[in-house]
Amino acid sequence: GVGLALCRRLLEEDGRIHLCIACRNEQKSEATRDLLLAAHPTAQVSTVEVDLGNLASVLRAAQELRCRFQRLDFVYLNAGIMPNPHVNFKALWHGLLSGRLLHMLTTAEGVMTQMDRLNGDGLQEVFTTNLFGHFILIRQLQSLLCGNEKPSRLIWTSSSNARETAFSLSDYQHAKGQESYSSSKYATDLTSVVLNRRFNDQGLYSSVVCPGLVMSNMTYGILPVFVWKLLMPIMWLIRFFAKTYTLTPYNGAEAHVWLFKQKPEHLDLRVKYHSCITGLGKSYVEGRKMDVDEETAEKLYQKLLELEEQMLEKYSDLLD
């Protein structure tokens with residue numbers, strides 16, 4: 001997916017970096033490392049095992065990273081899940097009749113629903129994996145991210161599917177709805193805004209990107225692979241009208257890599273940077289102002305801090 005493509009592209013940009021890959025299991029991370037070293041045999045590539053949906057795993061990984069590194073320049077917060085997705089074909093038909101089909105195909109608004117579930121910590125799985133696990137990780141890595149000579153960067157993978165209408169402060173884990181993915185991505189946008197307000201003066205900057213529609217394991221979970229293959233000619237055609245149909249992980253990582261080359265103090269940190277592509281296949285980045293309310297963002301951040309306190313009390317034996 002986008003994670004592997006991003007690693008490849010970062011090493012192409014600068015072979016001197018030390019790249020640490022975070023994966024859910026050791027076998028996958030070592031296989032990824034071998035792939036990268038095959039193309040870049042002199043690169044520094046290490047691994048750390050972490051499941052963002054498991055808070056004990058997050059705390060153990062953070063402890064390991066604090067032991068191994070003195071600082072982190074970039075943290076790409078890319079892990080994400082969309083369990084049990086369902087396509088609303090009736091909504092697509094109505095979109096065709098109302099002239100909103102292209103908008104629905106590029107944002108999945110009103111098209112995608114998911115059935116979420118509780119994880120082992122008693123938290124909603126999508127919320128934990130897509131947002132809260134990342135939040136705990138960066139809070140635990142704060143000593144490696146703040147107060148350094150050069151700025152440190154957080155780059156979150158959000159989505160054009162992030163919508164305010166799918167999010168509620170009273171149900172910020174989205175236990176009662178069926179758009180947990182959209183809710184978690186909107187919560188990601190809110191969290192990034194507050195992180196900038198709180199930590200820019202300590203040298204930590206947060207940005208949000210959207211990779212566009214990428215054919216990855218997550219996408220293949222929405223419809224069977226053979227259906228996607230049948231749809232592919234249509235999707236290539238749609239790309240002439242929908243610039244976010246990046247389709248390949250390499251193209252989807254365009255905004256991630258673009259941010260790697262930018263100075264954060266020159267960026268608008270309330271903008272989401274979208275990987276885009278022309279109909280003829282030329283990749284580029286487009287910034288779009290995020291529709292986020294500062295008061296809602298601050299209230300969500302406070303709720304995350306309160307939940308963090310509860311969880312850290314539960315796992316106090318894993319803290320230094």
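A residue counts as buried when its relative accessible area is under 20%. E308 has a relative accessible area of 7%, so E308 is buried. The model is predicted. This briefing covers salt bridges, a charged surface patch, cysteines and backbone angles.

**Salt bridges**

- The structure holds 18 salt bridges.
- Side chains of opposite charge can pair when their charged atoms come close.
- K261 pairs with E13, with the closest N and O atoms 3.7 Å apart. This pair links distant parts of the chain, 248 residues apart. K261 sits in the loop between α12 (254-260) and β8 (271-277), and E13 sits in helix α1 (residues 2-13). E13 counts as partly exposed because its relative accessibility is 38%.
- R117 pairs with E125, with the closest N and O atoms 2.8 Å apart. R117 is exposed, with a relative accessible area of 52%. E125 counts as buried, at 18% relative accessibility.
- The side chains of E308 and R139 also meet in a salt bridge, at 3.1 Å from N to O. E308 belongs to helix α13 (residues 294-314) and R139 to helix α6 (residues 125-140), so the pair ties together parts that lie 169 residues apart in sequence. E308 is buried, whereas R139 counts as partly exposed at 26% relative accessibility.
- R197, R198, R270, E294 and E298 form one network, joined by salt bridges that share partners.

**Negative surface patch**

- A patch of negative charge on the surface gathers E26, E30, D34 and E49.
- Helix α2 (residues 26-39) gives the largest share of this patch, 3 residues.
- E49 lies in strand β2 (residues 44-49). The relative accessibility of E49 is 44%, so E49 counts as partly exposed.

**Cysteines**

- A search of the whole structure finds 0 disulfides. A disulfide needs two cysteine sulfur atoms within 2.5 Å.
- C20 is in no disulfide, and its nearest cysteine sulfur, that of C23, is 9.5 Å away. C20 counts as partly exposed, at 27% relative accessibility.
- C210 is in no disulfide either. The nearest cysteine sulfur to C210 belongs to C276, at 8.0 Å. C210 is buried because its relative accessible area is 2%.

**Positive phi angles**

- Most residues other than glycine have a negative phi.
- H174 has a positive phi near 60 degrees. H174 is found in the loop between β6 and α8 (180-199). With a relative accessible area of 8%, H174 is buried.
- L247 is not a glycine, yet its phi is positive, at about 70 degrees. L247 is placed in the loop between α10 (225-238) and α11 (249-252). L247 is buried, since its relative accessible area is 3%.

**An exposed loop lysine**

- K150 lies in the loop between α7 (142-145) and β6 (152-157).
- K150 is exposed, with a relative accessible area of 55%.
- K150 and N25 are 125 residues apart in sequence. In space, K150 and N25 are 32 Å apart, C-alpha to C-alpha.

Technical notes: Residues numbered from 1 in each chain as written. Predicted model: local features only at pLDDT ≥ 70, side-chain atom pairs only at ≥ 80, totals over all residues. Heavy atoms only, no water. Patch = residues over 30% accessible without salt bridge, like charges linked within 9 Å, V, L, I, M, F, W, Y side chains within 5 Å. Areas by Shrake-Rupley, 256 points an atom, 1.4 Å probe, with all protein chains shown as cover. Salt bridge = Lys/Arg side-chain N within 4 Å of Asp/Glu carboxyl O. Lys, Arg positive; Asp, Glu negative; His and termini not counted. Charge placed at Lys NZ, Arg CZ, Asp CG, Glu CD. Helix = DSSP H or I, 4+ residues; strand = E, 2+ residues; numbered from the N terminus. Buried < 20%, exposed > 50% of the residue type's maximum accessible area, 1.4 Å probe, protein only.
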